[in-house]
Amino acid sequence: MTIGFSSRTARSTCMLCLAGLLTLMPAAAAARAGRPDPGPPGGAADLPSPLYRSGTQVRPHPGVPRVPDVSALSWVVADAGTGDVLAANDAHRKLPPASTLKTLFALTVLPVLPGGLHHEVSPRDLSGIGPGSSLVGVVEGETYRVSDLWNGVFLNSGNDAVHVLAALTGGWSATAARMQAEARALGARDTHVRSPDGYDAPGQVSSAYDLAVFGRAGLRRPDFARYCAKVDAMFPGRDGSSYGIMNTNRLLTGADGVEPYPGLIGVKNGYTSNAGNTLIAAARRDGRTLVVTVMNPQEGGGHAVYEEARALLDWGFEADGEVDPVGSLLPEGSRPRQGPQAVPAAATAAATAAKPAEDEPGWPETGAILGVAALGAGVTALALRLKLVRDDGS
């Protein structure tokens with residue numbers, strides 16, 4: 001089924017609901033993010049706290065091993081359950097994130113786009129892809145299921161898949177605006193979104209702290225956790241054919257001579273010539289889940305980002321419970337969540353990575369959300385668009 005006004009009446013009703021939701025989303029997100037900016041977590045009084053200082057910050061108990069000496073410009077080690085930051089180096093340094101920004105894209109778009117939806121790709125969907133972008137092989141005129149496009153985003157870091165998904169949810173500029181609002185709602189205040197796929201753009205930055213926030217938030221969503229834990233998948237080709245794709249996160253797959261990390265459950269890697277190598281990595285061991293971010297190692301070549309993440313994860317598992325936190329990934333006013341339920345998606349991500357496509361989220365699971373939005377905005381959305389929102393002026 002192609003997303004458009006020409007679909008059958010039953011589907012058209014759902015499209016109207018989805019368009020209504022997307023019409024309201026930027027305003028709702030802006031309302032969330034439009035409250036007075038409290039600044040760094042904890043308020044102005046916390047400005048001199050360790051996470052806002054340069055250099056490595058850690059508060060170890062006696063006998064705890066030293067933090068590994070890594071070359072990354074910025075990094076964070078955090079407990080994904082409590083949100084406690086165990087150690088960090090220049091956590092709020094603003095740097096280009098490359099494709100790790102796709103985690104924020106997924107947090108923003110996954111909740112509003114059913115995985116079982118089918119869409120025929122138009123030339124406009126693929127317009128504006130930056131030269132040299134990583135691609136999964138989306139072809140105009142072919143029909144794709146949304147869940148297949150998400151495989152292309154998480155596994156192959158496909159900017160073409162991101163462009164199509166963004167076109168389905170309001171367009172490039174509107175998606176960037178919603179991502180910006182989502183980052184602020186999560187307490188991630190170093191991130192400035194210019195290109196939702198992470199492609200280098202003037203002024204686009206994030207930080208090791210913000211990326212850890214996105215990784216932790218993603219692991220709490222079962223769909224996000226399932227996608228980011230997948231090692232491989234089949235992707236649709238032309239005329240009903242398909243071909244295999246593999247996750248480019250070598251710490252997960254063990255490709256290219258990188259030893260896979262035991263207990264790794266995702267999340268996302270990235271690279272551009274400007275950003276260097278970036279990585280959000282999460283692993284689970286003995287009931288604890290750690291999230292580590294590494295931005296732009298200065299030594300060791302292209303695989304250094306994985307080896308430095310490995311060293312930080314090893315240290316974090318050994319030191320967790322034996323260091324006092326130097327900060328928190330939780331937004332201001334949030335309470336820490338303790339116990340095994342803290343990251344329910346992360347606990348089962350590896351086991352569900354190969355979940356059959358038929359079990360992907362579909363229309364029934366999102367009907368309530370879509371219907372509510374349609375009540376208030378359906379007429380307006382229909383007047384603005386005969387097809388699902390496409391025209392973002394880009």
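Select Val138 first. Beyond neighbours within four places in sequence, Val138 is in contact with Val121, Leu126, Tyr144, Leu149, Asp160, Ala161, Val164 and Phe235. Keep in mind that this is a predicted model.

Now widen the selection. Val138, Trp150 and Phe214 have the most contacts inside the largest nonpolar core, which has 65 residues. Colour helix α6, residues 208-219. This helix gives the most to the core, with 8 residues. In soluble globular proteins, nonpolar side chains tend to be buried together.

Another core lies apart from the largest one. It has 28 residues, including Leu252, Leu279, Tyr306 and Val323.

**Stop: Thr175**

Go to helix α5, residues 172-185, and pick out Thr175. Is Thr175 buried or exposed? Thr175 is buried, because its relative accessible area is 0%, under the 20% cut-off. Show what surrounds Thr175. Leaving out residues up to four places away in sequence, it touches Phe105, Val109, Ala166, Thr169 and Pro196. Then select Thr108. Thr108 and Thr175 are 67 residues apart in sequence, yet their C-alpha atoms are 8.1 Å apart in space.

Select β8, residues 264-272, and β9, residues 276-285. These two strands run antiparallel and are joined by 7 bridges. They form a hairpin with 3 residues between them. Look for Tyr271: its bridge partner in β9 is Asn277.

How many residues of β9 are buried? The count is 8 of 10, so β9 is largely enclosed by the rest of the structure. While you have β9 on screen, look at its side chains. In a regular strand the side chains alternate between the two faces of the sheet.

**Stop: Gln298**

Gln298 counts as partly exposed because its relative accessibility is 49%, and exposed would need over 50%. Which residues does Gln298 touch, beyond those up to four places away in sequence? They are Ser71, Ala72 and Leu73. Draw a line from Gln298 to Ser71. The two are 227 residues apart in sequence, but 5.3 Å apart from C-alpha to C-alpha. Now zoom in on the side chain of Gln298. One of its polar atoms lies 2.8 Å from the backbone oxygen of Asn296.

**Stop: helix α9**

In α9, 12 of the 16 residues are buried, so the helix is largely enclosed by the rest of the structure. Highlight some of the buried ones, including Tyr306, Arg310, Trp315 and Phe317. After α9 comes Gly321, with a positive phi near 90°.

**Last stop: confidence**

Colour the chain by pLDDT. The mean is 80, and 72% of the residues reach 70 or more. Select residues 1-47: their pLDDT stays under 50. The model gives this stretch 87 contacts beyond four places in sequence. Next select residues 335-394. The pLDDT is below 50 there too, and the stretch has 104 contacts beyond near neighbours in sequence. Where pLDDT is low, the predicted coordinates should not be read in detail.

Definitions and conventions:
Residues are numbered from 1 along each chain as its sequence is written. Side-chain values use heavy atoms; hydrogens and water are left out. A nonpolar core is a set of buried Ala, Val, Leu, Ile, Met, Phe, Trp, Tyr and Cys residues joined through side-chain atoms within 4.5 Å. Buried means under 20% relative accessible area, exposed over 50%, partly exposed in between (1.4 Å probe, protein chains only). Helices (H or I, at least four residues) and strands (E, at least two) are DSSP runs, numbered from the N terminus. Contact means heavy atoms within 4.5 Å. A polar contact is a pair of N or O atoms within 3.5 Å; within protein, one must be able to donate a hydrogen and the other to accept it, and residues adjacent in sequence count only if both atoms are side-chain atoms. pLDDT is the predictor's confidence in each residue, from 0 to 100. Two strands pair if DSSP finds at least two bridges between them.
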